[in-house]
Amino acid sequence: MEYKGKVITARAPLRLSFAGGGSDTVEFSEKHEGAVLSTTIARYVTVRGWWSNPNKPWALQSYPSYEADNDFLDKLSFLFSSQIRRPFHPERFAGFESYCDAPLRSGLGASGALSVAGMACLAHLQGKSDTPRILAMHAYGFERDKLFIMGGQQDQYAAAFGGLNLMEFRDRDVQATKIELLPSTLLDIETSLLLVFIHSRQFPSHEVMSTEIIRVTKGDPQVIGALKNQARLAHEMNHALSIRDLVSFGYMLDEAWHWKKLQSPGVTNDVVDDCLQEINYYKTESDTLRAFSKFIGNNIYDIITGWFS
């Protein structure tokens, strides 16, 4: 690709959510305290944007990229066209492209990371530099208020802040606390967790989330109870990490998956259940191996499994 003019590259990390997913929605957190424990990983969504061709009428051009589909490009196109104010460069041509280091719809928060990276790219193209909090707020607002995507806020804040964070939610007021671990504890976690890609899900996570949000709005006691337990687990898992109790952390991964399945009927399926059955077989066959498992995201085919000898 040959670029002309100013080129800005921005990237935002993907994330793993350990507990609390679903309690970060506005519908839940406006009445109850939500909390999510998550960490970003060394996989990214990258957005590259540029101004060029100053003699052409104002226009947008998108370019497909690795692991990009029409949803990604349509979202970026709408983001650029809705956020670029014509008085800045009414005669300029704007182009962009995107990259994702993970398969699409893998449950790693790629859509939220795309919005954050896109917002950062646009801000710098227009001579601005926003804080991580402002980027996350704008990215979530764009998805919720412009695209009408039903979902939570954790992905945008995880992508904007990066690292291991305990995020607490009260409506749209979000407090992200970065968790600093000893290098030895971090090494133990990294060597005790395995992330396996099985298969992409067939529909976006917000379709599952919309069902969950409707049930929250109606006051469904099963869903409300499950989300309260998710928020509780986020705090308890944070405490377990602080005292280096990785066995309890693993057990709580198991518990988080139990509550997750109660949040929406679309969370699990036969493929997911078969994988868990295999893990439980090895768990019962070994006297020295403790295996804990949790699927991440909504109705996905990715699994976090921790082995703690």
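The axes of helix H3 (residues 110-125) and helix H5 (residues 154-161) come within 8 Å and cross at roughly 55° in this predicted model. Helices here are DSSP runs (H or I, at least four residues), numbered from the N terminus. Axes are lines fitted to C-alpha atoms over the stretch in contact, and angles run from 0 to 180 degrees between N-to-C directions. H3 and H5 are therefore oblique to each other; angles under 35 degrees count as roughly parallel, over 145 as roughly antiparallel, 65 to 115 as roughly perpendicular and the rest as oblique. The crossing of H3 past H5 is right-handed, meaning that the near helix is turned clockwise from the far one by less than a right angle. On the H3 side the contact (heavy atoms within 4.5 Å) involves Gly112, Ala113 and Val116, and on the H5 side Asp155, Gln156, Ala159 and Ala160. By class, the contact of H3 with H5 comprises four nonpolar, two polar and one charged residues. Ala, Val, Leu, Ile, Met, Phe, Trp, Tyr, Cys and Pro count as nonpolar, Asp, Glu, Lys and Arg as charged, and the others, Gly among them, as polar.

Helix H4 (residues 132-146) also packs with H5, at an angle of about 150° and with the axes 8 Å apart. H4 is therefore roughly antiparallel to H5. H4, too, passes H5 in a right-handed crossing. The contact is formed by Pro132, Arg133, Ala136, Met137, Ala139, Tyr140 and Glu143 of H4 together with Gln156, Tyr157, Ala160 and Phe161 of H5. Eight nonpolar, one polar and two charged residues make up the contact of H4 with H5.

Seven of the eight residues of H5 are buried (under 20% relative accessible area, with exposed over 50% and partly exposed in between; 1.4 Å probe, protein chains only). The buried residues of H5 are Gln154, Asp155, Gln156, Tyr157, Ala158, Ala159 and Ala160. Gly162 follows H5 and has a positive phi, near 70°.

Glu27 lies in helix H1 (residues 26-29) and, at 15% relative accessibility, counts as buried. The side chain of Glu27 makes a polar contact with the side chain of Arg144 at 2.3 Å. A polar contact is a pair of N or O atoms within 3.5 Å; within protein, one must be able to donate a hydrogen and the other to accept it, and residues adjacent in sequence count only if both atoms are side-chain atoms. Leaving aside neighbours within four places in sequence, Glu27 is in contact with Arg144, Met150, Ile213, Val216 and Thr217.

Residues are numbered from 1 along each chain as its sequence is written, and side-chain values use heavy atoms, with hydrogens and water left out. For this predicted model, local features need pLDDT of at least 70 and side-chain atom pairs count only at pLDDT 80 or more, whereas totals for chains, interfaces and linings use all residues.

Notes:
Helix = DSSP H or I, 4+ residues; strand = E, 2+ residues; numbered from the N terminus.
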